[in-house]
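This report describes selected features of the structure shown below. It takes up sheets, helices, a disulfide, a loop residue and a cavity in turn.

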Amino acid sequence: MRAWLFSIFLVSGTAAHADVPRVATDIAPVHSLVAMVMEGVGTPDLIIPSGATPHSYAMRPSEARALAQADMVIWVGPALTPWLADPIKSLAPNAQSIELMAVAGTQLLANRTGVAFEADTHDAVATGGAADQAVPSAQAEAETAPAHADGDVHAAGGFDPHVWLDPENAKLWLGTIANALSARDRENAATYAANAAQGATQLDELQTRLEAQLAPLQGRPFIVFHDAYHYFEARFGVEARAAISLSDGVAPSAARMAEVKNVVGQTGATCVFTEPQFNPGIITALQTQATLTTASIDPLGAKLPQGPELYPALIESVGTAFTACLTQ
């Protein structure tokens with residue numbers, strides 16, 4: 001591994017510096033937002049390929065090379081990808097690092113712990129200003145909070161890292177991304193600003209449609225496989241009642257399954273949101289008197305084409321899954 005890291009430094013050290021900043025991003029939804037802003041000017045690099053878990057990933061040489069050559073790294077932050085902080089420091093020490101969870105105004109939600117979730121627990125904290133006094137840095141959170149086997153931090157007192165599933169956060173970040181690119185590339189500043197404004201308008205229209213679509217479904221109980229949709233729930237007023245698994249890489253224990261089944265029975269939940277790696281046998285174990293309907297949601301949009309349209313398509317697909325499952 002050291003050999004190819006050394007070769008990366010040789011390549012990055014001799015590469016000609018382009019006028020358009022080279023941008024590396026962590027996950028596909030963030031890549032999409034950056035691609036939206038850079039459309040017509042350049043294309044960002046994606047470090048974590050679609051379908052890979054962001055919580056623990058070993059970069060391939062091509063991905064490490066893209067990181068080493070970056071002028072700017074835009075990522076959710078170490079609460080989502082704790083392993084990525086060190087490669088950014090070692091491979092891209094001179095690159096500007098933008099942690100989206102730390103962007104002023106970003107709405108952060110505390111991790112929900114335990115099996116059953118209390119209703120109306122969507123208390124958000126916005127980063128920036130006076131609120132920062134009570135908000136630990138994402139780096140500190142990743143270093144001090146207990147993590148599960150795959151690195152997915154869901155510790156009490158920490159913040160849920162699935163921040164991109166709130167389109168209001170995405171709209172805010174579009175402006176942040178445009179400003180950062182414009183500071184490095186004045187020649188294309190007008191394009192970045194126009195693209196960000198157009199993207200924000202698109203997300204506004206999408207949010208308005210989803211609010212109308214999901215409003216009749218508020219209050220209907222459902223269960224999630226992995227507590228990854230808290231931000232979407234909070235934005236659109238829908239509420240999960242329990243999570244089957246501690247994280248997307250941890251199988252539920254028999255005791256946890258019994259607790260979830262109890263929640264299903266008590267709330268009358270008939271919908272379970274699953275993810276691609278979900279074991280269908282779990283549904284059978286949760287059955288009570290009512291038949292459980294399932295809908296699969298991939299919070300990273302792994303099956304969607306990469307590029308500017310992935311993010312709005314992802315949010316649309318989550319809304320469609322909620323509508324289909326909760327109207328059964």
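## Strand β3 and its partners

In this predicted model, strands β3 and β4 pair in the parallel sense over four bridges. Within that pairing, M72 stands opposite Q96 of β4. On its other pairing, β3 runs parallel to β1 and is joined to it by three bridges; here V73 of β3 is the bridge partner of A24.

Both faces of β3 are covered. M72 and I74 lie on one side, V73 and W75 on the other, and all of these residues are buried.

## The sheet around β3

The strands belong to an open sheet of four, ordered β2-β1-β3-β4, with parallel pairing. The edges are held by β2 (45–46) and β4 (96–99); each has a single partner strand, so one side of each is left without a neighbour in the sheet. Strand β1 (residues 23–25) pairs with β2 in the parallel sense over two bridges. A24 has D45 as its bridge partner in β2, and V73 as its bridge partner in β3.

Helix α2 (residues 28–38) lies across β1, β2 and β3 (72–75). The direction of α2 is at about 150 degrees to that of β1.

## A further four-stranded sheet

Four strands form an open sheet in the order β8-β7-β9-β10, again with parallel pairing. Strands β8 (240–245) and β10 (293–296) stand at the edges with a single partner strand each, so one side of each has no neighbour in the sheet. Direction ignored, neighbouring strands of this sheet are turned by 25 degrees against each other on average.

Strand β7 (residues 222–226) runs parallel to β9, and two bridges join them. V224 stands opposite F273 in β9. Helix α9 (residues 254–267) packs on the sheet, where it touches β7 and β8; the direction of α9 makes about 155 degrees with that of β8. Helix α11 lies across β7, β9 and β10, running at about 150 degrees to β9.

How many disulfides does the count come to? The count comes to one disulfide, which joins C271 to C325 with an S to S distance of 2.1 Å. The pair links distant parts of the chain, 54 residues apart: C271 is in strand β9 (residues 271–274) and C325 in helix α11 (residues 310–326).

The torsion about the S-S bond of C271 and C325 is about 120 degrees, so the disulfide is right-handed. Both cysteines, C271 and C325, are buried.

## N188 in the α6–α7 loop

N188 lies in the loop between α6 (167–184) and α7 (189–214). Is N188 buried or exposed? The relative accessible area of N188 is 18%, which is under the 20% limit, so N188 counts as buried. Leaving aside neighbours within four places in sequence, N188 is in contact with V20 and V41.

## The cavity

The structure holds one cavity of 30 Å³ or more. The largest cavity has a volume of about 50 Å³. Which residues line the largest cavity? The lining consists of I27, A28, P29, I48, P49, S50, G51, A52, P54 and L300.

Key
Residues numbered from 1 in each chain as written. Predicted model: local features only at pLDDT ≥ 70, side-chain atom pairs only at ≥ 80, totals over all residues. Heavy atoms only, no water. Disulfide = S-S within 2.5 Å. Buried < 20%, exposed > 50% of the residue type's maximum accessible area, 1.4 Å probe, protein only. Pairing = 2+ DSSP bridges. Contact = heavy atoms within 4.5 Å. Axes fitted to C-alpha atoms, helices over the stretch in contact; angles between N-to-C directions. 1 Å grid on protein atoms, 1.4 Å probe; cavity = no way out; pocket = protein on both sides within 12 Å on 5 of 7 lines; lining within 4 Å. Points joined across faces, edges and corners; volume = space filled by probe spheres on them.
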